[in-house]
Amino acid sequence: MVRSVFTQSSLYGLLVLLGVVGNVLVAGILSWGFLQQRSIEQSDFILLNMALSNLLVSFFRNILLFLSGLGMEAFLSQSWCKIFMCLWVWFRSVNVWMTFCLSAFHFAVIRRNKPAPSAGLAPGHASQEMRRLLLVIGLVWVVNLIYSLPLLMFSTRGSLNSTETLMVISSTTRPLLGCVWNFPSRYSGLAFATVSLVVHEALPIILMLGTNLATLYRLGMHGRSVGAVQESLPRRVPAERKAAKVILLLIVLFIVPWGTSLVSLNYYNYNRGPSGEYLVIIATFSNSLFIALSPLVLAAGHSKLRSKLKHLLKRGGPGRGTAS
C-alpha cells in the first residue's frame, strides 16, 4: 500500500514538475520576445495567457495536491478555503476557454484569407486588432471570475476526517487544505456540477472541435482552388495547415484527459461504489496531463518558439532574433 502511494505521488509529481517547467519556459520566452521587440503576435499573446493559466492551476492546485499526496497536513481557515475554492474554479475555467480562443483565432485568420496583424502591418490596423484581442482575453478572465464568485458561499473548511461528497469538474478532485464544498443540498450541488460541466467543459470542447475542423476544411478548399484565392495565400497554406494540426493535437490532448476525468467524476457523483477512490485518482492524473504535455506540443510545432528555446539552451539566455 505504501509503495503504491509512493508510486502514485512520484508519477503525479513528475507531471506537475513537467507542467511547471514547460509552461515557465513558454511564458518566459514569449514575454522576453515582447520585451525585446515591443510587440507580440496575436497568436503568441493567446499562448502566453494559456501558459499563465496553466501555471496558475499548477501553483494553486496541482502542487498542493502533490504535497498533500506526500502526507502534508495543512488546513486553511474557513475564509481562505472560500478564496482558494473560488480560485481553483476560476483558473481552471480560464484555462479551458483560453484553449478555445487559440482555436477560434486561427479559424478567424484562415476565414479572412490573410495573415493576422503583427509588427509588420500598419500600426493603426495592428493596434485595432490587438485592442479587440485584448478585449476578448480580458472578458475571458473577468467573466470566469464573475462565474466563480458565487462559490464563495458554497465552500467551507471541513474537519480532519472530511471526505468530498461531490466533485465539481473545474475544481480539485479531493479535499485539499481541509476545504470542501458546502451546497445547501445534494441536489443543488449536482445542479451546479451539471451547469459547470455544460458551460465550462462540454461547450468549449464542442466549439474547439468545430472551429478546428472548419479550419482544416477551409485549408483543404484553398489547396484545391489555388487560382481563386489571393496570390500570397497558397504559400501560407502549408504553414497554416501545420498550425491547424498543432492546435488539433492540443485539443485532442485536452479532450482525452478531460473525457477520462469526466467519466470518473460523474461516476463518483452519481453512482459511487468501491471503485470511487480509484476513479478520483485517475481524474487527478487526467486533469494534469494537458498542462504537463501542452508545452511539449508547442515546442514541437511552433517554429519561432522552438528556435528561441534552442537558442536559450545553447547560450543560456533568450534569443533576440526570431525564426522564420
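Looked up Ser103 first: it counts as buried because its relative accessibility is 0% (buried is under 20% relative accessible area, exposed over 50%, partly exposed in between, with a 1.4 Å probe and protein chains only). I am working from a predicted model, where local features need pLDDT of at least 70, side-chain atom pairs count only at pLDDT 80 or more, and totals for chains, interfaces and linings use all residues. Residues are numbered from 1 along each chain as its sequence is written, and side-chain values use heavy atoms, leaving out hydrogens and water.

**Ser103, surroundings.** I found Ser103 in helix H3, residues 78–111 (helices are DSSP runs of H or I, at least four residues, numbered from the N terminus). Its side chain has a polar contact of 2.6 Å with the side chain of Thr211 (a pair of N or O atoms within 3.5 Å; within protein, one must be able to donate a hydrogen and the other to accept it, and residues adjacent in sequence count only if both atoms are side-chain atoms). Leaving out residues up to four places away in sequence, I also see Ser103 touching Met208, Asn212, Ile247 and Ile251, among others (contact is heavy atoms within 4.5 Å).

**Helix H3.** I noted that 26 of the 34 residues in H3 are buried, so the helix is mostly covered.

**Ser53.** I went to helix H2, residues 42–69, for this one. Ser53 counts as buried because its relative accessibility is 1%. The side chains of Ser53 and Asn95 make a polar contact at 3.0 Å. Beyond its neighbours within four places in sequence, I have Ser53 in contact with Phe91, Val94, Asn95 and Trp141.

Conventions:
Helix = DSSP H or I, 4+ residues; strand = E, 2+ residues; numbered from the N terminus.
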